Amino acid sequence: MNAEKFIEYWSGRGGSERANYQKFINELCELIGVDKPEASHAEDHRNEYVFEKRVRAMDVDGEDGRYNFIDCYKRKHFVLEAKQSDKRMRGLPVSGPDLFGDAPPVKAAPKAAWDRMMKQARQQAENYAKYLPEWPPFLLIVDVGHVIEVYADFTGLGKRYKPFPDSRSHRIGIPDLADAAVRERLKAIWTDPQSLDPAAKRAEVTKDIAYRLARMARTLERRHDPKEVALFLMRCLFTAFAEDVGLLPADAFLSLLRKAEGNPQFLPRYLTPFWKSMDKGSDFDPMIGAPVRHFNGGLFKNAQALPLNDDELSELITACQRDWRNVEPAIFGTLLENALSVRERGQLGAHFTPRAYVERLVIPTVIEPLQDQWRATLALAEGRRAAGDEKGAVELIRAFHRDLCQVRVLDPACGTGNFLYVSLELMKELEGEVLLALEELGAAAQALLDLQGTTVGPQQFIGLEKNARAVPIAELVLWLGHLQGHLRLRGPESLSDPILKPVETVRQADAVLAWKKEELVLDEAGRPITRWDGVSMRTDPHTGRQVPDENRVVELKNYTEPKPAPWPKADFIVGNPPFIGGKDLRQELGDGYAEALWKAYPQMPGGADFVMYWWDRAADQVREGKARRFGFITTNSITQTFSRRVIKRHLDAKKPLHLSFAIPDHPWADAHGAAAVRVAMTVGLAGTGEGLLKQVVAEGEANPNDGAIAVSFAIEQGIILPDLTIGADIAGVQPLKANEGLSSRGVSLHGSGFIVTPTEAAGLGLGKVSGLEQHIRHYRNGRDLTGKSRGKMVIDLFGLTAEQVRQRFPAVYQWILDKVKPERDLNNEQYRRENWWLFGRKNTELRAALTGLPRYIATVETAKHRIFQFLDIGILPDNKLIGIGLYQSVHLGLLSSRIHTTWALAAGGLLEDRPVYVKSACFDAFPFPILTPAQETRIGTLAEELDGLRKKVDTSGNR
């Protein structure tokens, strides 16, 4: 069937939906060249592409036993809901004879009836999608013979089906099927719906452009200051974008670049005057021979182009030939990230976060509450419209729009503005739905006049960022995102000059700590005291080992009168703060900053991760009613003891907080698909209530464009506890007196020079020097217990002074002096510098627990498989082992039991994807059962057999 015949046959055809819709869909399939729906099977799970797909109906308590039927369904593609209106319902006049022949046309009914029918059909389709095991990317709402409305949600969440491709062209009238491009779009919905995901297209284009410009940046930075290079490339990028969206004459920028071919060193002669015209505006720019609009915004102020070489100019021309209309603004963040060191990225939170991950947090934090408010407004407006009060309906929608344009979103660690940009884009899409509703009410033209200057824009999105280089990039990212959304909704003619307005909502600031004065720490001679920078290493010329580079130092600082930094007012707080573990704060941020931080936040546990300071501040804002919601991406160590205490304090407060959304363990990957850490996502809301918990149950391959790893979720509704679980509050259990003092982490060396081989130990006098056997002992770490042992030993001088070591064991003294003391001299902690011959921690709890025992039980603190085994008392455990001062076989059996290992999984934490045996929760709070003598004997016998078998199989020598 060709398009002309299809349109002629179906245009305006009335009748019954049930009678016509299957014929309509079958003939539509013929028209677009796809297979027709298949015959149904008796087993519902086999019906992947059928008419009348049966789904179980749901109510608030779950299944209610009824069935509904989807008009047409294709798994992982679409849900189609069909209706059939008549002309009168659509607001068209209907003519027909009366008893005497020709009669005047019947007066048209208000179009409101048709609008209600289509909205109800869309809601019905969304409800059907909820009943399915997985959300389809498309909803198709068909008014047979009249229109096909298309809605899409590529997130897999089903939370934001929106007009596709946008609110101006999502409605396909039957005459529109004459357009081959429209037919191809429908064909893709039937055959490859993910190919229509604009994010995938954006990511592909962006990746190519970013790759080319990163190569340019590397060569340019050999000749120019990195800041100049970054600003030059940002101007180039924005100019290419402005050209493609119609804000500049077609090919204006590209023609200037091509003028410089053959002589790229003269590019500034063409480009610098052109950018000056963009800065001020010009009724005639001599470089392009056409007017140039006024852009301003600071980007083109004092703009100076850089001379290029042939390769650089070629890369820039190739990049500018790509389609920039939908380029991902995060490209600017990628450029900054390329300019930062790996350590800087961790400190500043500047890691590139894939778009899918950002949406996964922004939607429940910012968009869902706004969508709920919009649906409620729309329902009230429909009620007024049905009652004949169209003016009242319009005013309700206008009022919602005004409120939407006042919503403020804060990212207090915004980097280059990724989270703010995604929030802005999604709010612009919601604004598109509002304007569409006004259009359906016949008020669009007047509404647009009334709303001039009132629009969702960069002025609503606030960022705090510590890195000065990121601030102008974040502002530009916001403007680029705003212009993309605005142009899709209203076109370039709707933008007033200057196009880039200096809103300055992103500012350089420390988001967690403020102080009165920053002071250098001076020695007695008044010179700044320095320390090793904690990162730089050099090769020791004598040993060949990597040791701290004493020449790479930082100055010590003190911060007077520290206090929490003030935050701007905002309705929603969202972001991805820096990933620094609590134990690394001193090394990463410096002694002075870490101590000031702890002083400013006395309520925070000392071992809490850095991100929890943001979490704590945002939770306070929400509980006090200063913000509506907050949401953060953190490492998944948020469920471990110290960070979990922060969550618990807010959940148990007199004015409590509850978690409305959480993903406790999610893969995180950079733009290259390299997973660095496992993360958690949490959203906080004031008051008590239930939340949505999503557990990752399957992980796929990384997206080649942005590195996002595909995941599948199991979803649960209920009260989310501080350990990000639903159910029994295992994280809230208390330590038992009976278990007190029995377990401890192993020894913390803080100096690799303490570790020796048996041969080195013999050279130091082991076996020859009396008493040395008490101070050079066998040593085991996690890999020794789970794999083949390294056979290492460790020098443990606990209980001896440095002078005693020198007198009794001079060879050992010299060894420690050469291999441990240089590193200890640069250590931040006074105890470790002064007691350089001893381990970094005294480990008194461990030593007390093991005193007098012939053997003890050990397990690896962080491991995928929870295994307990006996170690001889002559073996010292590493600090990544948990030593348990019990030697009886029955206790090994109880700890190895399914009951205890299940308990440990639930009560412990996670590090990336590996369970952590947190001894305070897993051991100290575990209630050992009271056994009969027969049970003790049986369990003990089995435990000895199990331990013996493991050691027989394991030839590593872990006895």
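Which helix lies across β31 and β32? Helix α31 (residues 933-953) does, and its axis runs at about 75 degrees to β32. The close-ups below show a predicted model, in which local features need pLDDT of at least 70 and side-chain atom pairs count only at pLDDT 80 or more, while totals for chains, interfaces and linings use all residues. Residues are numbered from 1 along each chain as its sequence is written, and side-chain values use heavy atoms, with hydrogens and water left out.

**View 1. Antiparallel open sheet with the order β27-β34-β31-β32.** The sheet has four strands; helices (H or I, at least four residues) and strands (E, at least two) are DSSP runs, numbered from the N terminus. β27 (743-745) and β32 (868-872) are the edge strands, each with a single partner strand, so one side of each has no neighbour in the sheet. On average, neighbouring strands are turned by 35 degrees against each other, direction ignored. Axes are lines fitted to C-alpha atoms, for helices over the stretch in contact, and angles run from 0 to 180 degrees between N-to-C directions. Strands β31 (residues 855-860) and β34 (residues 881-884) pair in the antiparallel sense over four bridges; two strands pair if DSSP finds at least two bridges between them. Val860 stands opposite Leu881 in β34. Helix α31 lies across β31 and β32, contact meaning heavy atoms within 4.5 Å.

**View 2. Mixed open sheet with the order β28-β30-β29-β33.** This sheet also consists of four strands. At its edges stand β28 (755-756) and β33 (875-877), each with a single partner strand, so one side of each is left without a neighbour in the sheet. β29 (residues 776-780) pairs with β30 (residues 793-795) in the antiparallel sense over three bridges. The bridge partner of Arg777 is Val794 in β30.

**View 3. Packing of helices α28 and α29.** α28 (residues 889-896) and α29 (residues 898-907) pack at an angle of about 55 degrees, with their axes 4 Å apart. The two helices are therefore oblique to each other (angles under 35 degrees count as roughly parallel, over 145 as roughly antiparallel, 65 to 115 as roughly perpendicular and the rest as oblique). Leu894, Leu895 and Ser896 in α28 meet Arg898, His900 and Thr901 in α29. By class, this contact has two nonpolar, three polar and one charged residues (Ala, Val, Leu, Ile, Met, Phe, Trp, Tyr, Cys and Pro count as nonpolar, Asp, Glu, Lys and Arg as charged, and the others, Gly among them, as polar).

**View 4. Salt bridge between Glu829 and Arg841.** The closest N and O atoms of the pair are 3.5 Å apart; a salt bridge is a side-chain nitrogen of Lys or Arg within 4 Å of a carboxyl oxygen of Asp or Glu. Glu829 lies in the loop between α25 (821-824) and α26 (830-834), and Arg841 in the loop between α26 and α27 (844-850), so the pair ties together parts that are 12 residues apart in sequence. Glu829 is partly exposed at 25% relative accessibility (buried means under 20% relative accessible area, exposed over 50%, partly exposed in between, with a 1.4 Å probe and protein chains only). Arg841 is partly exposed at 38%.

**View 5. Salt bridge between Glu43 and Arg46.** Their closest N and O atoms are 3.4 Å apart. Glu43 is partly exposed at 36% relative accessibility, and Arg46 is partly exposed at 44%.
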